[in-house]
Amino acid sequence: MLKLGLRTPMLAAVAHDQLRLFHQPIADLRDERVIGHEALVRWEHRRPDLRGRTDHGPQAAGHHPCGHGHGHALGLEIVAEGVETPDQAAQLRDLGCTRAQVFLYGRPEPLDLTQY
């Protein structure tokens, strides 16, 4: 649920066409092949505190062996986020992580829905 303070600005963002759809590759770390894309929504707002970060570094999800092990124990496919360097990709492969949303192979790009 949205915090009460964000509800009105978010409704205004929709009304004023301030939300943009982006996509970023997801790669199989075993062979570095792009196997899909993650959808991202960005808010183009004048107030930076409401826009959120447009770029982020590596996230903890899938980097920690305990979290990765729990996901696989539950039968889930783990996708690590924000992999930026070949060394990070290698470390994740060593942990048994096979998929990552990767800055290494492509930064988020706008998705032009008019082509569909």
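Me: Before we look at how the strands are joined, what does it take for two strands to pair?

Reply: Two strands pair if DSSP finds at least two bridges between them. Keep in mind that this is a predicted model. Here, strand β1 (residues 19-28) and strand β2 (residues 33-43) run antiparallel and are joined by 10 bridges. To see one of those spots, look at Pro25, whose bridge partner in β2 is His37.

Me: How many residues lie between β1 and β2 in the hairpin?

Reply: There are 4 residues between them. While you're there, check Glu32 in the turn, which has a positive phi of about 60 degrees.

Me: Which other strands does β1 pair with?

Reply: Look at β4 and β5. Strand β4 (residues 99-102) is joined to β1 by 3 bridges, and the two run antiparallel; Ala27 has Ala100 as its bridge partner in β4. Strand β5 (residues 109-110) also pairs with β1 in the antiparallel sense, over 2 bridges, and there Phe22 stands opposite Pro110.

Me: Now for one residue. Is Gln24 buried or exposed?

Reply: Gln24 has 1% relative accessibility, so it counts as buried. Its place is in strand β1. Across the chain of 116 residues, 27% count as buried.

Me: What does the side chain of Gln24 reach?

Reply: That would be the backbone oxygen of Gly106, at 3.4 Å. Leaving aside neighbours within four places in sequence, Gln24 is also in contact with a list of residues including Gly36, His37, Glu38 and Leu40, plus Gln101, Val102, Phe103, Arg107 and Pro108.

Me: And the rings: how do I describe a pair of aromatic ones, and how many such pairs does the structure hold?

Reply: In general, you give the distance of the centres and the angle of the planes. The structure holds 0 aromatic pairs, though. For a ring with a charge over it, go to Phe22: the charged end of Arg42 sits over that ring, 4.7 Å from its centre.

Note on methods
Residues are numbered from 1 along each chain as its sequence is written. This is a predicted model: local features need pLDDT of at least 70, side-chain atom pairs count only at pLDDT 80 or more; totals for chains, interfaces and linings use all residues. Side-chain values use heavy atoms; hydrogens and water are left out. Rings of Phe, Tyr and Trp (its six-membered ring) pair if their centres lie within 6.5 Å; planes under 30 degrees apart count as stacked, over 60 as edge-to-face and the rest as tilted. A charge sits over a ring if NZ of Lys or CZ of Arg is within 6 Å of the ring centre and within 35 degrees of the ring normal. Buried means under 20% relative accessible area, exposed over 50%, partly exposed in between (1.4 Å probe, protein chains only). A polar contact is a pair of N or O atoms within 3.5 Å; within protein, one must be able to donate a hydrogen and the other to accept it, and residues adjacent in sequence count only if both atoms are side-chain atoms. Contact means heavy atoms within 4.5 Å.
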